[in-house]
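Visitor: Please show me the model. Then I will ask about the terms.

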Amino acid sequence: MSKAITLQEFIMDTQAQFPFVSGQLTRLLTDIGVAAKIVNHQVNRAGLAGILGASGSQNTHDEDQQKLDVFADRTFMRILTAGKSVAGIGSEEQKDYILCGDDGRQGKYVVMIDPLDGSSNIDVNVSIGTIFSIYRRTTPLGEPLNDEDFLQPGSDQVVAGYIHYGSSTMLVYTTGSGVNGFTLDPAVGEFFLSHPRMAFPEAGTIYSINDALIDSSPEAVKRFIVGCREATGAGLKARYIGSLVTDFHRNLIKGGIYLYPSTTSNSQGKLRLTYECNPLAFIAQQAGGTAEDNAGDILTKQPKHLHERSPFYVGSVNMVHGLRSCWLDTEKSG
Ligand code: AHM
Ligand code: MG
């Protein structure tokens with residue numbers, strides 16, 4: 001039997017393979033793995049530890065924070081700010097970005113994170129996730145960080161990943177050279193490589209959308225969904241959990257598209273560009289899939305502010321391109 005590869009070993013091997021991956025990035029990825037284990041532990045015992053339910057506070061989007069949202073945010077902040085590699089962090093749970101150390105003068109990297117995504121599923125024991133993204137700082141080392149460091153297009157990501165707290169806990173990430181997935185063995189407390197070189201199956205068959213949004217979504221999305229429904233005889237299926245990481249992860253393994261559209265009441269949809277859409281878009285691209293907003297490739301979009309929202313369509317190429325054809329058709333007929 002071949003030896004199981006731990007996350008730590010894999011990170012070290014990757015560092016040796018790619019000269020651009022510095023010791024600081026290795027440290028940072030290791031820290032994310034450690035924080036993931038701590039959050040996983042709390043997620044698993046949430047019903048016992050008295051940390052289910054609302055925390056009584058709200059985040060910058062006026063959404064009620066759950067106790068686990070706050071716990072996960074604090075855990076990632078504490079661990080990432082303690083290492084020497086992170087200069088600043090943008091989090092869904094924090095109104096402004098956080099500067100590490102001396103105004104972010106030290107540390108080569110900037111992290112964008114949604115510490116616990118799928119909050120509405122926490123209390124009902126449904127899978128949730130963490131989404132993260134790492135950029136090189138744009139301001140020179142030794143100077144304080146500024147807005148530009150946090151508002152880089154998704155195409156500049158160095159690393160993107162997610163942790164999926166599901167029936168087992170997985171950490172999936174890319175450094176721009178394919179996507180690899182690691183499963184946590186709770187008995188030994190280690191992530192082991194379980195899903196090397198993850199790739200979207202060529203032809204996706206799953207469509208994932210909140211049905212209640214369809215009537216108020218753009219004509220192109222409506223047409224696409226009508227097409228999907230008509231093709232159920234040909235094997236298409238609707239599946240929607242309401243946890244982005246879970247829906248994405250399933251579609252990555254089985255093949256499909258996830259849609260969170262703009263609507264008449266929310267012209268930019270719901271999901272946040274910098275720490276929800278872009279990381280998953282980069283992973284999708286590295287796994288042979290693709291991601292768009294209403295206008296096209298989402299990775300080239302210039303973020304204007306930290307908590308900017310964006311319509312999001314991500315998954316297998318055949319399905320995202322099928323949606324693109326619907327946009328073109330509606331433009332022609334409109
Ligand atoms: P959150 O960051 O507050 O958890 O919101 C993001 C979540 C995604 O995980 C999920 O795909 C989406 O919101 C579900 O939204 P809806 O309930 O509108 O379908
Ligand atoms: Mg979220």
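**Loops and a ligand shell**

Guide: Aspartate 103 sits in the loop between β4 (98-99) and β5 (109-117). Strands (E, at least two residues) and helices (H or I, at least four) are DSSP runs, numbered from the N terminus. This is a predicted model: local features need pLDDT of at least 70, side-chain atom pairs count only at pLDDT 80 or more, and totals for chains, interfaces and linings use all residues. Residues are numbered from 1 along each chain as its sequence is written, while chains are lettered from A and ligands numbered from 1 in the order in which they are written.

Visitor: Why is aspartate 103 called partly exposed?

Guide: Buried takes 20 or more other C-beta atoms within 10 Å of the residue's own, exposed 12 or fewer, and partly exposed is in between; C-beta atoms are placed from the backbone. Aspartate 103 has 13, so it is partly exposed.

Visitor: What makes asparagine 125 exposed?

Guide: Asparagine 125 has 11 other C-beta atoms within 10 Å, so it counts as exposed. Its place is the loop between β5 and β6 (128-136).

Visitor: What is the phi of aspartate 103?

Guide: Phi is positive, about 55 degrees, although aspartate 103 is not a glycine. Asparagine 125 also has a positive phi, near 65 degrees. Most residues other than glycine have a negative phi.

Visitor: How do you know where ligand 1 lies relative to domain 1 (7-197) and domain 2 (206-333)?

Guide: Both domains give residues to the shell around ligand 1, so the ligand lies between them. The domain bounds come from an automatic or database domain assignment.
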